Amino acid sequence: MAQKETKQERTRKKELAQFFYCNSQLSQKEIAEKVGVSEVSMSRWAKDGKWDTLKASVTITREEQLSRVYQQIAAINSKIIEEQKGIPTGADADVLAKLAAVVERLEKETSITDVVSVSMKFLNWLRKIDTDKAKELSGLFDAFIKDLLR
């Protein structure tokens with residue numbers, strides 16, 4: 001008898017499906033197969049989560065996010081130096097601490113979406129060099145990602 005899927009496993013599948021939906025040209029059916037859910041679940045997730053809107057807005061990479069956070073930190077530090085004689089206010093210190101936490105999370109965190117993104121970039125690169133090897137590795141990447149979902 002098959003084990004019932006945990007809430008955490010279902011959440012991870014949904015996150016991966018959302019990543020594929022927003023960052024690939026795969027059909028809902030293909031995504032459902034890759035992630036291991038029914039087409040009905042896939043369709044419901046996309047509709048309820050308004051993934052079409054999200055897909056349209058996904059244009060910022062992790063590197064761009066980091067760059068923007070670093071720019072914000074630099075702007076606050078410039079303000080502190082120029083307007084406050086190098087002494088931050090409590091509000092400035094609080095914002096800087098929060099931005100530092102964002103930087104730490106963005107630099108250290110590796111999510112399934114990161115694994116998928118790197119896998120896809122690598123496979124696209126490899127296809128130009130060796131199509132057969134790319135096909136072979138594609139199956140291994142799929143298996144690896146499914147294993148991460150467990």
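Contact here means heavy atoms within 4.5 Å. This is a predicted model: local features need pLDDT of at least 70, side-chain atom pairs count only at pLDDT 80 or more, and totals for chains, interfaces and linings use all residues. Residues are numbered from 1 along each chain as its sequence is written, and side-chain values use heavy atoms, with hydrogens and water left out.

**Aspartate 92**

Aspartate 92 sits in helix 6 (residues 90–108). Helices (H or I, at least four residues) are DSSP runs, numbered from the N terminus. Aspartate 92 counts as buried because its relative accessibility is 7%. Buried means under 20% relative accessible area, exposed over 50%, and partly exposed in between (1.4 Å probe, protein chains only). Leaving aside residues up to four places away in sequence, aspartate 92 touches Ile76, Lys79, Ile80 and Gln84.

**Serine 24**

Serine 24 lies in the loop between helix 1 (7–23) and helix 2 (28–35). Its relative accessibility is 7%, so serine 24 counts as buried. Its side chain reaches the backbone oxygen of phenylalanine 20 at 2.6 Å. A polar atom of the serine 24 side chain also lies 3.3 Å from the backbone nitrogen of leucine 26. A polar contact is a pair of N or O atoms within 3.5 Å; within protein, one must be able to donate a hydrogen and the other to accept it, and residues adjacent in sequence count only if both atoms are side-chain atoms. Not counting residues up to four places away in sequence, serine 24 touches Phe19, Lys55 and Met120.

Two packed helices are described by the angle between their axes and the distance between the axes. Axes are lines fitted to C-alpha atoms, for helices over the stretch in contact, and angles run from 0 to 180 degrees between N-to-C directions.

| Pair | Axes come within | Crossing angle |
|---|---|---|
| Helix 2 and helix 3 (residues 39–48) | 9 Å | roughly 115 degrees |
| Helix 1 and helix 3 | 11 Å | roughly 70 degrees |

Helix 2 is therefore roughly perpendicular to helix 3. Helix 1 and helix 3 are therefore roughly perpendicular to each other. Angles under 35 degrees count as roughly parallel, over 145 as roughly antiparallel, 65 to 115 as roughly perpendicular and the rest as oblique.

Which residues meet between helix 2 and helix 3? Gln28, Lys29, Ile31 and Ala32 in helix 2 meet Glu39, Met42, Ser43 and Ala46 in helix 3.

From helix 1, Arg10, Lys13, Lys14, Ala17 and Tyr21 meet Ser41, Met42, Arg44, Trp45 and Ala46 in helix 3.

Methods:
Helix = DSSP H or I, 4+ residues; strand = E, 2+ residues; numbered from the N terminus.
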